[in-house]
Amino acid sequence: MRTYKLDSTYVLNYATAATINEDKGELRGKLDTVFDDIYCDEKNYELAEQKLMKTSIENVLKKSNLRLNDLELIVSGDLMNQLMTTYYGLRHISIPVIGIYSACSSSALGLIIGSNYAVNGKKVLVTTSSHYAAAERQFRYPNEYGLQKKEVVTTTTSGAGSIILTSKKHPIQIEAYTLGVIQDFNYKDVNDMGGAMSIAAYDTITTHFKDTNRSFKDYDYVVTGDLGSLGLSVLKALFKENGYTDSLDNLVDLGTMIYKGCPECYMGGSGCACSMLMLCGKYLPMIENGKINSLLYVPTGALHNPIAVFQKQSIPSIAHAIVFRKAV
Amino acid sequence: MKDINTIIQEKKPKPKLSNLIFAFIGGATVSVLGQFIMDMIVRYTDLSKSEAVTPMIIIIIALTCLLTGLGVYDKLATIFGAGLFIPITGFANSMCSSALESKHEGLVYGIGSNIFKLAGSVLVYGVVATYLVGVVRFIYENL
Amino acid sequence: MTYIYGAIYCGLICVIGQFIYDHTKLTAGHITSIFVVIGTLLDFGDLYDKLLVLCGAGASLPITSFGHSLIHGTMFETQGNGFLGIFMGMFNLTTPGITAAIIFSFIVALIFKPKS
């Protein structure tokens, strides 16, 4: 049994920060701060990502009329080595910071850990960020390198999202979560993260359905984080091959939406920020406004390491699931 | 029941034929540009045709580095693929982009250490292969 | 005519490289390393020199020509210096390319800011 129920965890507020590239697809006009370029008025990419994270935190505190010291702690995740964005970005504050790494499923893992601390009136801030150029540089190649990308790649999102959790009743409730198990089917194509992660999404979603006795029709939407168009079609094929006859129309992928209409973005968006930006920018407002009642949020993470890849190891992946519901 | 590897192979997009066409166009264009530069050098200096190769290569490398710095080269490379990474332009770009990217880490551990990060393997395998071929040929020619 | 032969030759080598890139797991780094090694092997008699005359720039620009320059310089030195020539001649003909690449990469890295 990998699913845990939460009695009283609510989303107090949420906010985002991103660059002009994220303000084009489905999030157009829905981001709290939009920077003109990926430098975000900073000297280098790594500082830019820290700026994005700090800006999203400032935005959510302002929206909630809270100060940093009103928070119990911050749970933060990013893609950088040694969680550089988290620890360098948040080093001058006087509340505890729990840094986590779960690749692009960090937002879900952060919400899971945060939920367990947001009890007895305590408020916990969960934030994740990613940056296109910083991630390219660390995981792939220099940004000006003349690389002809393969069609199956996804494009790392530059942005950050922050959510404050509380045990006091608010319109959006986190009802339950399902913990993921590390998956690995010996897949070695580093260009195709979506394909590599599809199995993690399949495993966590089916486990969640088994633990809760639910299926696709019990949710308005089941969203994966950044499988991209290829990864999503592989996931749907996995369900069909394993005998699911339910309609899969409400199974959608956030990565395909964030850069909708952008041909240079290949299979879609990815990175810790992708799922967080789409969640805060599109889906949480939909629950708050009553447009939808329930959401199963399943961001996936590819847990590979560049050195392991050069050592011809395969790509492990993981997915954690969170149930958001309109509070009754 | 199909296994996931089969599903992925079925759904993966196949490589486009246009990639090959653009690679040809890219390579041909670089060649024409290089030849034009060589002809200009022969016409306006007193270098012979064979002597003009070296300055032409230097000019092409300088141009590649400039385009890399301006942020234009990577956009061209997305279109032309091997048309740009097979000629010397690919070598120069790999060095220039690595150096440019690491500039914030300083002169020694940034630019200095990273210039050969991607181009190093071309040099290493060129030298190692030349050594082996050289030894074989030397022995053969002196038997 | 040199323009045409050069364009066809360089274009064809690039097409071969693109085909390998599209259909195998090899990256640009692998493919250029392989082509350099192939260039080293292509120094039979005057074959490559005839190619350089016929195709002009088109034959000296692909990375295969770099491999050819390496072996050409090496064998030239062995004529005068025997076995030691193998260690002495490699960068005879390839120095301009490497030097230019280092100098211009350095200058560009100092002046410009990377975008993406």
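Biologist: Which residues have the most contacts inside the largest nonpolar core?

Modeller: Ala201(A), Leu277(A), Tyr297(A), Val298(A), Ala321(A) and Ile322(A), in a core of 104 residues. A nonpolar core here is a set of buried Ala, Val, Leu, Ile, Met, Phe, Trp, Tyr and Cys residues joined through C-beta atoms within 7 Å. Buried means 20 or more other C-beta atoms within 10 Å of the residue's own, exposed means 12 or fewer, and partly exposed is in between, with C-beta atoms placed from the backbone. Helix 8 (residues 272-288) of chain A gives the largest share of this core, 11 residues. Both domain 1 (8-166) and domain 2 (172-326) of chain A supply at least three residues each.

Biologist: Before I go on, what are the ground rules?

Modeller: This is a predicted model: local features need pLDDT of at least 70 and side-chain atom pairs count only at pLDDT 80 or more, while totals for chains, interfaces and linings use all residues. Residues are numbered from 1 along each chain as its sequence is written, and chains are lettered from A and ligands numbered from 1 in the order in which they are written.

Biologist: OK. What is Val298(A) in contact with, leaving aside neighbours within four places in sequence?

Modeller: Ala201(A), Thr204(A), Ile205(A), Val222(A), Val223(A), Thr224(A), Gly225(A), Ala319(A) and Ala321(A). Contact means C-beta atoms, placed from the backbone, within 7 Å. Apart from that core lies another, of 69 residues, including Leu118(B), Ile13(C), Leu51(C) and Leu70(C).

Biologist: Switching to strand 8 of chain A. Why is it largely enclosed by the rest of the structure?

Modeller: Because 8 of the 8 residues of strand 8 (residues 159-166) are buried. Gly159(A), Gly161(A), Ile163(A) and Leu165(A) point one way from the strand. Ala160(A), Ser162(A), Ile164(A) and Thr166(A) point the other way. Helices (H or I, at least four residues) and strands (E, at least two) are DSSP runs, numbered from the N terminus.

Biologist: Which strands do bridges join to strand 8 of chain A?

Modeller: Strand 2 (residues 10-19) of chain A is joined to it by 8 bridges, antiparallel. Strand 6 (residues 124-130) of chain A is joined to it by 7 bridges, also antiparallel. Pairing needs at least two DSSP bridges between the strands. Ala160(A) in strand 8 stands opposite Ala17(A) and opposite Ser129(A).

Biologist: And the two domains of chain A, how far apart are their C-alpha centres?

Modeller: 18 Å. The domain bounds come from an automatic or database domain assignment. Their contact takes 47 residues from domain 1 and 51 residues from domain 2. On the domain 1 side, helix 3 of chain A gives the largest share, 7 residues. By class, that side has 20 nonpolar, 19 polar and 8 charged residues. Ala, Val, Leu, Ile, Met, Phe, Trp, Tyr, Cys and Pro count as nonpolar, Asp, Glu, Lys and Arg as charged, and the others, Gly among them, as polar.

Biologist: Now chain C. How many helices and strands?

Modeller: 7 helices and 0 strands. Of the 116 residues of chain C, 51% count as buried. Its C-alpha trace spans about 50 × 35 × 35 Å along its principal axes.

Biologist: How many residues go into its contact with chain B?

Modeller: 55 residues from chain C and 58 residues from chain B. Helix 1 of chain C gives the most to the chain C side, with 15 residues. That side divides into 35 nonpolar, 18 polar and 2 charged.

Methods:
Contact = placed C-beta atoms within 7 Å.
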